[in-house]
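Reader: Can you walk me through this one? I have the viewer open and a few quick questions.

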Amino acid sequence: MTDQTARTTVIRNCAMILGWDAERQSHRLIEGGDVAFTGDRLVQVGGTWTGAAEEVIDGAGRIVCPGLVDIHSHLSSEPMNKGMLDELGSPGLRMSSLYEFMPLFRPDGDGPRYATQVALSELAMSGVTTIVDLAVPHDGWLDLLGASGLRAVAAPMYRSARWFTKTGHSVDYEWAEDDGRGVMEEALALVDAAEKHPSGRLTGMVAPAQIDTCSADLIRDSFAAAQERGLKMQIHAAQSMVEFNEITTRHGRTPIEWLHDLGVLREGTIIGHGIFLNDHPWAGWPGSKDFDLLAASGAAVAHCPTVFQRRGVAMRSLGRYIRGGIPMGIGTDTYPHNMLEEMRHALINSRLMSGDVYDLRTSDVFNAATTGGAAILGRDDIGRLAPGLKADLFMADLRHPAMRPVRDPLASLIYVAAERAVTDTFVDGRAVVRDGKPLAFDFEAALDGLESAQARAREAFAGLDFRGRTDRDAAPITFADS
């Protein structure tokens with residue numbers, strides 16, 4: 001319910017508004033009009049607001065869009081990988097960087113705090129209003145999410161085993177004596193705390209980390225814990241050929257088939273990535289019908305193209321998954337935490353993999369990043385602009401050089417301008433970005449802290465690497481002397 005005593009804000013004389021057409025059940029571009037919200041709820045989208053307003057924002061030359069929903073990201077670690085993992089993979093592990101390099105390059109001390117602040121700021125500056133943070137919990141994590149001003153889903157990860165490599169071409173798993181139960185209980189306590197967080201904008205998600213690091217019982221019990229709480233479960237699956245081969249070796253079943261066997265491939269489960277189905281050209285596993293199984297299941301997929309395209313890996317294809325009726329959302333996963341660029345990569349990769357320029361349209365990927373993500377999270381009050389829904393939105397400058405000439409504003413925003421044109425972002429009717437500047441944190445100080453954390457990780461790299469390489473040996477700096 002809207003609090004009628006709360007302050008009203010009106011964005012006056014917007015050049016364009018991406019409103020919601022209830023009859024068509026679709027976003028619709030409206031030329032001209034006002035957007036008004038009282039407290040945390042929209043009260044008018046389009047037309048002329050004739051009521052009182054405590055704040056008036058000039059919408060001239062601006063487009064107002066629904067806030068973006070990022071359903072898969074790793075805020076506390078990924079920002080520190082910038083400049084390190086851009087061109088780094090393990091040739092002996094099908095070019096993944098998960099097993100050989102990512103365990104060697106992790107933030108310490110206050111590094112996770114600074115990384116999270118940087119990522120949250122980047123997200124807000126790219127129009128994101130809702131984020132799912134799949135995190136290794138760190139001190140003050142929930143309060144940091146609350147302080148961001150964003151609508152955040154806390155998904156503390158846990159697992160039965162850790163992975164590592166001693167060769168660069170094989171992966172070993174070290175299994176916990178308690179099957180990860182202790183860490184799972186700690187994670188569920190954090191999920192419950194998120195649901196009760198005083199900010200009122202935090203919710204929780206159950207997150208057994210990866211299909212190959214979790215036992216069958218841990219996955220089944222995680223899904224049961226999510227169902228008991230009325231929450232979603234997200235698990236990384238079908239994300240690498242190492243994992244695909246590991247699961248087929250252990251069980252004689254593909255990752256998708258094994259999740260089905262466990263009874264968790266169903267509505268309420270979100271699969272992080274879902275790239276390597278049996279018919280992926282790299283998989284070479286004929287006879288299974290992963291795509292049909294996934295399409296019939298009700299399970300959703302979080303698509304994060306950027307982190308994979310760096311290593312020559314891509315889903316085959318996002319357009320096919322959408323046409324197959326699989327619920328699809330978009331996630332950033334990695335740096336930069338820029339949802340508009342992620343949407344651009346989703347569009348281009350889908351066409352490259354399908355060989356068809358018509359495989360995916362701008363409207364498809366925008367839907368996945370708004371109403372699609374909202375539906376996957378079980379929310380019907382975000383991801384679109386209509387009276388009575390949450391006042392989660394962003395504004396972009398149509399007069400920005402990268403937006404001109406303005407013929408198709410969304411296409412120009414996604415394919416060209418990205419976050420450079422975003423001026424303001426609101427969550428629950430409160431500004432989290434104004435005039436292109438994030439408001440929740442001291443962004444420059446967070447970047448300084450992140451840089452210091454990266455320097456410490458670089459120093460520690462050689463001591464952790466089984467080959468004794470320095471970070472510059474593993475990932476040479478472009479044009480720098482050795």
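**A buried histidine and other backbone details**

Author: Start with histidine 273. Its relative accessible area is 2%, so this residue is buried. Keep in mind that this is a predicted model.

Reader: Where does histidine 273 lie?

Author: Histidine 273 is in strand β14, which covers residues 269-273.

Reader: And what is its phi, for histidine 273?

Author: Phi of histidine 273 is positive, about 95°, although the residue is not a glycine.

Reader: OK, arginine 94 next. What is its phi?

Author: Near 60° for arginine 94. That is a positive value in a residue other than glycine.

Reader: Which loop is arginine 94 in?

Author: Look between β6 (68-73) and α1 (111-125) for arginine 94.

Reader: New topic. Which residues does the cis peptide bond at proline 336 join?

Author: Tyrosine 335 and proline 336, with omega about -15°. Proline 336 sits in the loop between β16 (328-330) and α10 (339-354).

Reader: What about the bond from arginine 316 to serine 317?

Author: That peptide bond is cis, with omega near -15°. Serine 317 lies in the loop between α8 (305-309) and α9 (318-323).

Reader: Last one, charge. Which residues gather in the patch of negative charge on the surface?

Author: Asp442, Glu444, Asp448 and Glu451. Aspartate 448 belongs to helix α13, residues 443-464.

Conventions. Residues numbered from 1 in each chain as written. Predicted model: local features only at pLDDT ≥ 70, side-chain atom pairs only at ≥ 80, totals over all residues. Heavy atoms only, no water. Patch = residues over 30% accessible without salt bridge, like charges linked within 9 Å, V, L, I, M, F, W, Y side chains within 5 Å. Areas by Shrake-Rupley, 256 points an atom, 1.4 Å probe, with all protein chains shown as cover. Salt bridge = Lys/Arg side-chain N within 4 Å of Asp/Glu carboxyl O. Lys, Arg positive; Asp, Glu negative; His and termini not counted. Charge placed at Lys NZ, Arg CZ, Asp CG, Glu CD. Helix = DSSP H or I, 4+ residues; strand = E, 2+ residues; numbered from the N terminus. Buried < 20%, exposed > 50% of the residue type's maximum accessible area, 1.4 Å probe, protein only.
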